[in-house]
Amino acid sequence: MFVLDNKNVVITGATKGIGFGIASVFATAGANVAIAARSQPDIDTAVGKLDTLGPGRVIGLAVDVTDAESCQALADGTVAAFGGIDVLCANAGIFPEAPLHTMTPADLATVLDVNVKGTVYSVQACLDALTRSGAGRVIITSSITGPVTGFPGWSHYGASKAAQLGFMRTAAIELAPRQITVNAVLPGNILTEGLQDMGEEYLAGMARAIPAGTLGTPADIGHLAAFLATDEARYITGQSIVVDGGQILPESLDALNG
Ligand code: NAP
């Protein structure tokens with residue numbers, strides 16, 4: 001297990017799913033953890049669960065990442081509680097289905113607002129605190145969908161997840177002189193509340209497409225995020241790391257059945 005007991009960590013979209021998994025790993029490793037999402041009841045429930053995992057403090061802040069001022073309030077609230085921010089996990093994201101022939105401007109705007117603008121606003125809000133850290137870390141939750149693969153009905157989502165990587169590469173260059181690294185985790189299919197809403201047929205189909213045979217867990221993503229947050233990962237920046245049980249590897253269905 002990674003030792004992160006001197007780290008102050010902010011995680012957006014952390015009341016459920018991958019964000020909660022990341023928060024669980026950091027809390028278990030001893031970090032002070034600030035979780036953020038929109039629903040206050042969900043925040044209270046998640047803080048209650050995370051509080052028991054490690055010696056660090058856990059706080060929750062209601063935030064909408066589509067609002068730059070809300071992101072700034074998250075950063076300021078975390079600094080007020082912990083004294084600083086060492087790690088930002090920009091994880092909040094949505095994945096509603098919208099086939100191209102029915103996608104509305106509002107569908108497109110909503111996905112880009114949360115997944116792209118939300119990522120940029122979160123990083124900007126935490127920038128001064130990450131700089132003061134002297135070993136700042138930004139870990140963005142992207143996806144295989146968009147940067148590597150495609151799936152009918154999710155073209156706007158794929159565009160948003162690829163856009164996060166374009167942002168990451170230039171941010172990594174801009175922030176390197178401040179000793180801040182910026183990396184992205186690209187999950188495959190991870191069994192979260194959000195993915196469960198896609199239905200059993202979708203989940204079974206995905207499991208058949210994964211060489212490892214099963215969907216991943218939120219902790220699988222949390223463990224990579226925790227490594228990227230360590231002092232030992234200081235020289236890794238601007239990178240996209242796939243965590244998918246081998247899902248993007250097969251060249252054909254035969255490759256899976258052979
Ligand atoms: P999830 O289970 O639906 O959880 C989403 C979290 O984000 C919740 O805490 C939600 O809380 C929060 N959130 C949504 N909109 C927000 C907003 N505007 N401001 C602040 N928080 C917001 O989703 P997930 O499956 O864990 O996905 C998390 C991230 O992983 C996303 O970026 C997604 O694209 C990425 N991802 C997931 C998978 C997968 O297989 N699950 C695969 C690849 C990538 P509130 O609704 O209360 O705000």
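A salt bridge here is a side-chain nitrogen of Lys or Arg within 4 Å of a carboxyl oxygen of Asp or Glu. Keep that cut-off at hand for the first exercises, and remember that the model is predicted.

**Exercise 1. Decide whether Asp231 and Lys7 form a salt bridge, and find which parts of the chain the pair ties together.**

Step 1. The closest N and O atoms of Asp231 and Lys7 are 2.7 Å apart. The cut-off is 4 Å, and the pair is a salt bridge.

Step 2. Now place the partners. Asp231 sits in the loop between helix 8 (218-229) and strand 7 (240-243), while Lys7 belongs to the segment before strand 1 (8-12), so the bridge ties together parts that are 224 residues apart in sequence.

Step 3. Check the surroundings. Lys7 is buried, at 6% relative accessible area, whereas Asp231 is partly exposed, at 43%.

**Exercise 2. The whole structure holds two salt bridges; describe the one between Asp113 and Lys117.**

Step 1. Its closest N and O atoms lie 3.3 Å apart.

Step 2. Both residues are in helix 4 (residues 105-133), with a spacing of four residues, about one turn of the helix.

Step 3. Asp113 is partly exposed, with a relative accessible area of 25%, and Lys117 is partly exposed as well, at 40%.

**Exercise 3. Classify the ring pair of Phe151 and Tyr202.**

Step 1. A pair of aromatic rings is described by the distance of the centres and the angle of the planes.

Step 2. For Phe151 and Tyr202 the centres are 5.7 Å apart and the planes meet at 80°, so the pair is edge-to-face; the cut-off for that class is over 60 degrees.

Step 3. Phe151 lies in the loop between strand 5 (137-141) and helix 5 (155-175), and Tyr202 in helix 7 (residues 200-208), so parts 51 residues apart in sequence are tied together.

Step 4. Tyr202 counts as buried at 19% relative accessibility, while Phe151 is partly exposed at 36%.

Step 5. Widen the view: Phe151, Trp154 and Tyr202 form one aromatic cluster.

Terms used: Residues are numbered from 1 along each chain as its sequence is written. This is a predicted model: local features need pLDDT of at least 70, side-chain atom pairs count only at pLDDT 80 or more; totals for chains, interfaces and linings use all residues. Side-chain values use heavy atoms; hydrogens and water are left out. Rings of Phe, Tyr and Trp (its six-membered ring) pair if their centres lie within 6.5 Å; planes under 30 degrees apart count as stacked, over 60 as edge-to-face and the rest as tilted. Helices (H or I, at least four residues) and strands (E, at least two) are DSSP runs, numbered from the N terminus. Buried means under 20% relative accessible area, exposed over 50%, partly exposed in between (1.4 Å probe, protein chains only).
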